[in-house]
Amino acid sequence: MKDLLKIQTQHDLLERLGRLKCASPEQIRLSVVGSGEPIDTLIAKYAPFPMRIREMADYSVGVFDYQAGQLRLNGEVYFCRAGLDKITYIISVCSGTVWERSIARLLRSLYPAVAPVFLSQKELVSLLQSAKAIFPDARLRIIGHSRKKRLKTGTRRKFESSRTRTEKPLELVFKEAEEQNFWFESISFDYRRDGRETEDPNGGLPSATISKYGTFFCTSGFDRFRYAVLQDMAQMAARKMEFFANRSRRTTEQCKARPISISFDSAAFRNIDDNRNFIGILRKMPGTSCALLHGNPYVHLFLKDGADNSGTDVWVLKDDEVLLIPQLKASEAALKRLVNYIFEEWREGQMTNPM
Amino acid sequence: MPYEHASLLREINTYEDTVWAIVAFILECRWNPDGQRIDETIPVGVGRVFRKTDGSDVTPDLAIQRRATQGVVAEVKAAFPPEQAIDRRDEVFRQLKTYDDDLLRWWGNNGQIERHDIVLLTHDTHVVEACDHLNGLTGRDIGTFERNLAILGFYRTDQRETFITLRKHSGEFLDPQFGAKLRRGVPIKVVHIEAQQKKFYDSRPPIPYVLWLLWHLIFPIYTEGCSRDARKGYTPIEVTKDRVTGDLQRFYGFEPDDTGNRGTPRSEWVQEALEVLVSLHMAHHGTGQGAYVIRYKGIKGDTLERFGRLFHERDEIRQRQTRRRGRQPTLFDNI
């Protein structure tokens, strides 16, 4: 994909990607991230492997080529503005190995300055619905997914996880997941036009994958996805960045707290065992230190993010709500990570500003 | 004696419950029923020093000027002394009696108001004993009040949601509607109380609690711009007692002001906590008065438990040293 490096403007780059058809194992891979600082300058400071940044007219590109054990990892990564405040598309045309071992690793190393968007299951469905509408003459078919189910406490394993190859309609897959209490990490899909079962069933249509961690992969048709799925995903990311922004008590008027409420459809804290499980889960949150101040009948914990010292008071004062009170230092990334952890490890709820 | 974390948690929870009761009373006093909102212009003083007519000073736990000409002073005794401690019980009412005077240093109008109420705020489980003791003081000076003396109980309820309820068990208020409402009981959602983010009142908190607050809430903001010393394995942060006190008061307590509010937490409590950090080798003295250098680094596990344990072990060592110094010489000492 060296010819992409010659493109000077972001518009031309995205147009070119729009026409691109990738052959396995390569795909157009993209991550939607939020950051208050330009990502290319952050990379210069925090990249875990050598990367040369090249400034183009209105975007930048990073080029890397290094040895990782037995493996030679090289490629290009494009940093493009998503047209929304603080939101960037990180794009690469590469194999899954290069994406996981280089680009995903790079993004993790930029935490908390760069935060991925975490999608709820509802948001994931809405993105798939929007993907479904891209090719009106074709049926969207789920061809694979990676899903998890929380096991009851007391077992050594926390999750039952499965990676499944299937061929089912979108609605059926989500209905099954709801019935069996699973949630999806990623979903792969393709399109099929009716009446073409014998010759080239996809009719040149793309296959793609969306994950709840804000990544999107596709084999082709990037131009169509760009104006539907990716735009929606960027808007979700922007809304979340705005929701989590300016929560630190040092930035608010009269140092007032700006709590976040996570409310659940039904009672999630019915007895002391529920409280105990919840406390156990938060105590095990990776990269975080925790202090328990009260466990029963109400719950009060304090969590501090090890990466940037962001602190959050976690309260359970109602049986169907978790209340987060960000403290003096509270980054968007740390709050997002905490909420996503509660969604994944406890259960998904509705986020609101309670007061 | 082995360290008991549950006992530290109980101590902290009692302290927090008392803070909640005070904040609940402040919110109720500031509640504007017409506008259905909290009136933040109503002045509040925690640890405010008043001058009596005889020239002496008194410091009630809480003072609120609900109206331009009317105020409330309150003393908070989460645990009313037990039946056998009659002197201590009398002392509570002796203290309340000191507020039964034309106190000066209210807000505005040369520090004077027409009249104020006196309140004793205690836990609901002690309130009957407090009322009975007051009835038993009839005829004595400390049992006779010229101004209204109301005894309020507070308790926490945890059903589907956690509330702090304030209930008046005896006495009256200058505002009869306010008194009647409190007589019926006023439940206040803890979520509203906690949104105020008050963690101190005018009483010394448990030291490990202050250490934990400093380490997790205050020091992280000081680390900005400081780099970790890789050789020493910590981030050195230069602080002063006054800066730390000021930030704790601003964010988690009550700020001092030029109207007479002394501010809480007090600087001597903060200094004590900083000295404990020095003795735990988590800080050292800096240059200048009240200056310290914090050896800041992450703590694994439950940080509150860690501070509780370290403080307990430090106390144990100190007690052993004191016992060793103070004990009588024995026949075997010279062997």
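Trainee: Which element gives the most to the lining of the largest cavity?

Mentor: That's α8(A), with 4 residues. We're looking at a predicted model, where local features need pLDDT of at least 70, side-chain atom pairs count only at pLDDT 80 or more, and totals for chains, interfaces and linings use all residues. Residues are numbered from 1 along each chain as its sequence is written, chains are lettered from A and ligands numbered from 1 in the order in which they are written, and side-chain values use heavy atoms, leaving out hydrogens and water.

Trainee: What makes α8 a helix?

Mentor: Helices are DSSP runs of H or I with at least four residues, strands are runs of E with at least two, and both are numbered from the N terminus. In the chain A lining of the largest cavity, α6 and α8 each give two or more residues.

Trainee: Why is a space called a cavity rather than a pocket?

Mentor: On a 1 Å grid over the protein atoms alone, a cavity is a set of points where a 1.4 Å probe fits but cannot get out, while a pocket is an open set with protein on both sides within 12 Å along at least five of seven lines. The count comes to 6 cavities of 30 Å³ or more, and the largest has a volume of about 90 Å³. Volume here is the space filled by probe spheres set on the points, which are joined across faces, edges and corners.

Trainee: What makes a residue part of a lining?

Mentor: A lining residue has an atom within 4 Å of a point. For the largest cavity, F343(A) and E348(A) are among them.

Trainee: How many residues of each class does that lining have?

Mentor: The lining of the largest cavity has 6 nonpolar, 2 polar and 4 charged residues. Ala, Val, Leu, Ile, Met, Phe, Trp, Tyr, Cys and Pro count as nonpolar, Asp, Glu, Lys and Arg as charged, and the others, Gly among them, as polar.

Trainee: What about the second largest cavity?

Mentor: Its volume is about 70 Å³. By class, the second largest cavity has 4 nonpolar, 3 polar and 3 charged lining residues.

Trainee: And what is the volume of the largest pocket?

Mentor: The largest pocket has a volume of about 1,500 Å³. Of the 37 residues that line the largest pocket, the closest to its centre include F343(A) and E348(A). Its lining divides into 15 nonpolar, 9 polar and 13 charged residues.
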